Structure formats: C-alpha cells, structure tokens
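Here are my notes for a first look at this one. Have the structure open while you read.

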Amino acid sequence: LASVEASAHAETHLPLSADAQKTEVVRVPSFLSAAEVEDLHELHKELQPLLGSAGRTSGNQAAAYRQGTWETSYLSTDGLFARARPALRQRLLDLAREVDAEHWNVMSRATRPVLPRCVEYHTVEPGGSLPYPTHYDAGSLVTIDIMLSDSSDFRGGEFRTLEPDGSMRCYAFEKGDALCFVSHKFHCVSPLTAGRRNVLVVELWEGVERQCAHRCERHTGECEHSARASLFRRVLNDLGSDL
C-alpha cells in the first residue's frame, strides 16, 4: 500500500502531456570527453555478466538473451554504476538540475528527492529502432541520453521528437554529447541501417534510487527483480521461440 501511495504521490508532480510536448530538447555538446566515453565502454564490458538486460528484435518483439537488434544493459543493477563511477553519477544529477532550472522547472515540482531510476547502456545494431512517434519515458521527470559512438560508425539511428505542430524534429548528436529532455516528451529513434550505435540513458524520477535489474515501476519499497531473474526470463523467451 505504501508503494502504491508513493507512486500516486509522484505521479501528481509529472507534467501534463500537452505541456511536455512544448518543451525543448537541450543539447550539451561534448559533455563527456573521448576518454570518458571509452571508460564507459570498458565499464560495461567489465560489468556485463552481472547486469540485468532486455532486448528487442527488429520487429520490436522481446529478444532472446543478447540476440536483440536493440540491447539494453542496466548498469544500475545492484548499485554497480553508482559505486563504480560516483563522480559521473553526481555530474549527471547536476546536469539534470542545471538544465531543468534553466529550461523547464519540472524537477522543482517534486516534494521528495529526484534520483536515478535507471542507468542504461544501449547497443543498437542494424534493424534496431524505437519506431513509435509517441513513445515517452512514463513516470520519469528528466531523461539524459549520451552518445557513446562516433557518428561515422553507424547510419540511421537518428534521435527524433514529434513536435506539437505534427513535425518530426531531428537533432545533432555527436560522440560525447548529452541530450536532455523532459521524460514525457514524445521521442523516437529511426532504424539503424549499418554499424553500431551505443548510448547511455539515465532517467531521473521522484522515487528511490533503484538497484534492481530492470526499469522499475515501483517508486518505493523493495523490488526483487535480479540479474538472475532477468537472464531467466530471456532464456525462457529463447526456449519459447523454439517451440
């Protein structure tokens, strides 16, 4: 009951959809240096066996373990990212607060701490996309995307937003850049046609800093979704596809 009440409390501070669509995406060029980007690739490689994950096929169906054209690894699993890179975690929080204070003021509505909901490392390969124009990060306040690939390493994969006038807006998004936006703003990613696209995604919400191995829906209380549970679910999906 307490968890339900906390979620309901947090939901009251989310922006209305119509208001979210009017907000601007804010690009912060070279938020991370080339060395810092490489460090994140190495961190993911080191932690990957310990992380929860999810994947989608080119048809946007659940994918078998590590077989998706869009793979998401939850770096926040068991608090690993926060412990391994505390300074970067703080920089991300500071960035969100600074950009929000200057452009949107959605975090100021919260009456409880705004903290990372999830920290995700995305790997997109040919066929991968986020094709839904009205997709948004439900329940979160601010989302930060950081490009971890050089734009010459892939084709397609454009970050786009559906604007209130019905137009689709594309954004410059180079290696090390951060795109900050109100989580309830509609956004999508065009199909990748070649190469590989890696992005760090951080969602902030009015809830506890989650350490479970997925994108949690519970603002407070315990969540028992572990990396093992994540793997088990994906293996079952793989077995089901062979039946």
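1. A quick word on terms before we start: a pocket here is an open set of grid points with protein on both sides within 12 Å along at least five of seven lines, and its volume is the space filled by probe spheres set on the points. Also keep in mind that this is a predicted model. With that settled, the second largest pocket holds about 410 Å³ of space.

2. What lines that second largest pocket? Its lining has 21 residues, and those nearest the centre are H44, Q48, R66, E71 and S73. Helix α3 (34-47), strands β3 and β4, and helix α6 each give two or more residues to this lining. By class, six of the lining residues are nonpolar, ten polar and five charged.

3. Now the largest pocket, at about 740 Å³. It is lined by 33 residues, with A54, R56, T72, Y74 and H122 closest to the centre. Elements that give at least two residues here include β2 (52-56), β3 (70-74), β4 (114-124) and α6 (227-241). The lining splits into twelve nonpolar, twelve polar and nine charged residues.

4. On to the aromatic pairs: the count is three. Together with Y171, F159 and F181 make up one aromatic cluster.

5. Are those two phenylalanines, F159 and F181, buried or exposed? F159 has a relative accessible area of 2%, so it counts as buried. F181 is at 1%, so it is buried too.

6. F159 also turns up in a sheet: its bridge partner in β10 is V189. Strands β7 and β10 run antiparallel and are joined by two bridges. The open sheet has three strands in the order β8-β7-β10, with antiparallel pairing. Its edge strands are β8 (168-170) and β10 (188-189), each pairing on one side only.

7. Finally, S17 is in helix α2 (17-21). S17 is partly exposed, at 39% relative accessibility. From S17 to E42 is 25 residues in sequence and 37 Å in space, C-alpha to C-alpha.

Note on methods:
Residues numbered from 1 in each chain as written. Predicted model: local features only at pLDDT ≥ 70, side-chain atom pairs only at ≥ 80, totals over all residues. Heavy atoms only, no water. Phe/Tyr/Trp six-rings, centres within 6.5 Å; stacked < 30°, edge-to-face > 60°. Buried < 20%, exposed > 50% of the residue type's maximum accessible area, 1.4 Å probe, protein only. Helix = DSSP H or I, 4+ residues; strand = E, 2+ residues; numbered from the N terminus. Pairing = 2+ DSSP bridges. 1 Å grid on protein atoms, 1.4 Å probe; cavity = no way out; pocket = protein on both sides within 12 Å on 5 of 7 lines; lining within 4 Å. Nonpolar A, V, L, I, M, F, W, Y, C, P; charged D, E, K, R; others polar.
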